[in-house]
2 protein chains.
Amino acid sequence: MGDHRDFYRGRRVMVTGGLGFIGSNLCRTLADLGAQVLAVDSLLPDYGGNPFNLAGYEDKVRINVADVRGHAMKHLVRGQEVLFNLAGQVSHMDSMTDPFTDLEINCTSQLWILEALRQFNADCKVVYAGTRQIYGKPRYLPVDEQHLLNPTDVNGINKISGEFYHLVYNSVHGIRACSLRLTNTYGPRQLIRHNRQGFIGWFMKQVVLGEQIQIYGDGAQRRDFDYVDDTVDAFLRAGAMEQADGEVFNLGGDAPVSLRDLTELMIELAGRGSYRLIPFPEERKKIDIGDFYADTSKIKAALGWQPVTKLRDGLARTIAYYDAHKEHYL
Amino acid sequence: MGDHRDFYRGRRVMVTGGLGFIGSNLCRTLADLGAQVLAVDSLLPDYGGNPFNLAGYEDKVRINVADVRGHAMKHLVRGQEVLFNLAGQVSHMDSMTDPFTDLEINCTSQLWILEALRQFNADCKVVYAGTRQIYGKPRYLPVDEQHLLNPTDVNGINKISGEFYHLVYNSVHGIRACSLRLTNTYGPRQLIRHNRQGFIGWFMKQVVLGEQIQIYGDGAQRRDFDYVDDTVDAFLRAGAMEQADGEVFNLGGDAPVSLRDLTELMIELAGRGSYRLIPFPEERKKIDIGDFYADTSKIKAALGWQPVTKLRDGLARTIAYYDAHKEHYL
């Protein structure tokens with residue numbers, strides 16, 4: 001057990017989006033490490049928050065249902081030592097049909113959180129869940145943190161703002177903040193009910209139910225994938241290590257995989273399901289970014305992080321999880 | 001008279017922020033070129049909108065006072081051929097003390113405008129007033145459009161969003177849009193009453209009144225300056241030329257000038273005023289960016305634009321303007 005995990009014993013730690021996919025996995029690990037965990041979640045419909053995600057941890061994690069837009073945050077942040085800020089709207093499609101709501105959830109809410117910290121707990125450190133989405137269609141591969149930002153949808157734009165707000169509150173107001181630019185994350189407790197939060201949860205649902213997956217285009221687009229335990233480890237490192245302050249870091253998998261290879265592996269591991277290739281729907285083609293995989297050398301050098309879970313192992317665990325608990329996710 | 005000026009004869013053109021500094025100069029030029037001009041302005045206090053800016057043009061420019069956040073835009077955009085989108089909040093300091101208002105003015109309002117176009121007039125072309133502020137402290141000089149975005153304050157962040165919204169509505173919704181990243185612009189009709197919208201208007205006021213200017217630090221920071229007529233010409237080119245669609249362009253002066261040299265030139269031309277150097281206030285030092293000047297080769301190559309007004313001539317004209325009309329700006 002590394003220092004960055006020992007750091008959390010007895011610490012007061014808050015997780016926004018704590019009933020969501022990554023947030024709940026983070027809460028569970030933090031509780032296991034002996035932290036006093038406060039999970040804050042709005043439980044807005046369709047956003048991924050799911051009370052079952054903290055099943056078995058009801059006595060170890062304090063749950064506070066609240067929208068982060070509002071004065072509740074001014075009370076909740078007090079006394080916290082680390083805030084993992086994972087609240088957000090992650091649907092690219094929804095951001096194009098309802099850009100105002102995406103703005104509210106991904107920008108206005110971030111200002112509420114940061115203003116609460118500035119006014120009531122400027123000593124708290126904050127780790128923001130950013131996204132590789134902000135790079136848009138890569139100009140070169142792998143994509144490092146110097147790559148131009150070129151978002152292809154409103155969600156990507158608003159996630160840029162959310163990240164920059166953190167960096168400016170770090171530099172101007174002295175609130176220690178950093179951002180992890182997440183790639184495709186998969187694993188237990190992800191929303192799989194609808195397909196508006198990315199393809200991997202949706203594919204997982206179809207495999208678990210033995211349905212036929214539809215892949216847009218030829219499925220040759222290569223992406224990198226992080227198992228959620230690896231993503232959680234990156235958050236733990238960023239929250240514990242001062243080398244992270246004021247910085248942004250890419251996360252990424254160990255090797256890019258095509259969507260078709262990913263799908264075939266899922267089907268093989270599950271022993272059920274099928275797939276077929278269909279033409280790209282016009283509105284998705286416009287915001288698709290083709291191949292994407294990240295250069296993760298910065299976080300490896302600074303925080304010692306690298307993904308350790310093999311895709312095959314992570315997918316097998318994920319399938320087993322949904323086989324056991326799918327009634328809570330459908 | 002070039003093609004890009006002839007283009008506007010008889011065109012229906014709308015200018016948001018049309019009673020502001022650059023917006024009003026643009027409206028006047030457009031009216032002179034024979035366009036049917038609609039100036040929309042919220043006239044929010046302290047933002048720069050000033051009815052006197054269209055003095056003498058009351059019969060040539062239709063003025064509609066309205067906040068761009070709201071349903072009024074859905075009616076106002078109809079039938080327009082070009083929308084020059086200059087509405088916004090430009091105070092860096094205000095954005096740090098009241099980030100929510102800056103978000104409303106610079107992000108929410110832009111979505112209202114773009115959604116109005118998407119729903120009711122997707123054939124209208126839009127030119128957005130961006131800012132060099134989004135680059136933050138330069139990593140190299142001169143700064144070209146490939147330079148990383150690294151805003152130092154909330155205003156810079158929200159101006160990035162405003163620009164990216166336009167580019168995404170261009171690529172996804174087919175609304176022809178582009179952005180001009182303005183540098184320090186000076187000239188007649190600028191707000192000079194307070195110092196929260198940049199130093200040049202504030203210095204102008206003090207010179208005109210024969211007061212003592214305070215320069216932060218040693219005044220050696222070099223910046224580039226555009227006389228407003230040159231800036232207006234860039235907007236006219238961007239609005240008329242299809243080479244601009246989907247693009248961002250730096251504006252910039254012909255040669256960088258230190259703040260101290262600028263101040264001395266203003267004092268010399270006015271024949272009054274003085275200056276002294278004072279230490280940087282802490283809250284301004286944190287968001288100051290040091291030297292900045294832009295590489296403008298992209299807009300020169302694509303749209304044939306370059307600044308033509310000598311700093312000495314532009315400043316002399318500006319001083320003469322405020323000497324004649326200062327009672328409307330104090």
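The points below are grouped by topic.

This is a predicted model. A rotation of 180° with 0.0 Å of shift along its axis places chain B on chain A, with an RMSD of 0.0 Å.

**Symmetry**
- Within chain B, the C-alpha nearest the axis belongs to B:L148, which lies 3.1 Å from it.
- Both copies use the same surface, in that 96% of the contact residues of chain B recur in chain A.

**Contact between the chains**
- Chain B contributes 26 residues to the contact, while chain A contributes 25 residues.
- On the side of chain B that touches chain A, α5 (99-120) and α6 (154-173) of chain B each supply at least two residues, and α6(B) gives the most, with 10 residues.
- By residue class, this side of chain B is made up of 17 nonpolar, six polar and three charged residues.

**The setting of A:K159**
- In chain A, A:K159 is part of helix α6, which spans residues 154-173.
- A:K159 counts as buried because 31 other C-beta atoms lie within 10 Å, where 20 or more are required.
- Apart from neighbours within four places in sequence, A:K159 is in contact with A:N106, A:G130, A:T131, A:Q133 and A:I134.
- Between A:K159 and A:L191 there is a separation of 32 residues in sequence and of 20 Å in space, taken from C-alpha to C-alpha.

Conventions
Residues numbered from 1 in each chain as written. Chains lettered and ligands numbered in written order. Predicted model: local features only at pLDDT ≥ 70, side-chain atom pairs only at ≥ 80, totals over all residues. Contact = placed C-beta atoms within 7 Å. Helix = DSSP H or I, 4+ residues; strand = E, 2+ residues; numbered from the N terminus. Nonpolar A, V, L, I, M, F, W, Y, C, P; charged D, E, K, R; others polar. Buried ≥ 20, exposed ≤ 12 C-beta atoms within 10 Å, placed from the backbone. Least-squares fit on C-alpha atoms with pLDDT ≥ 70 in both.
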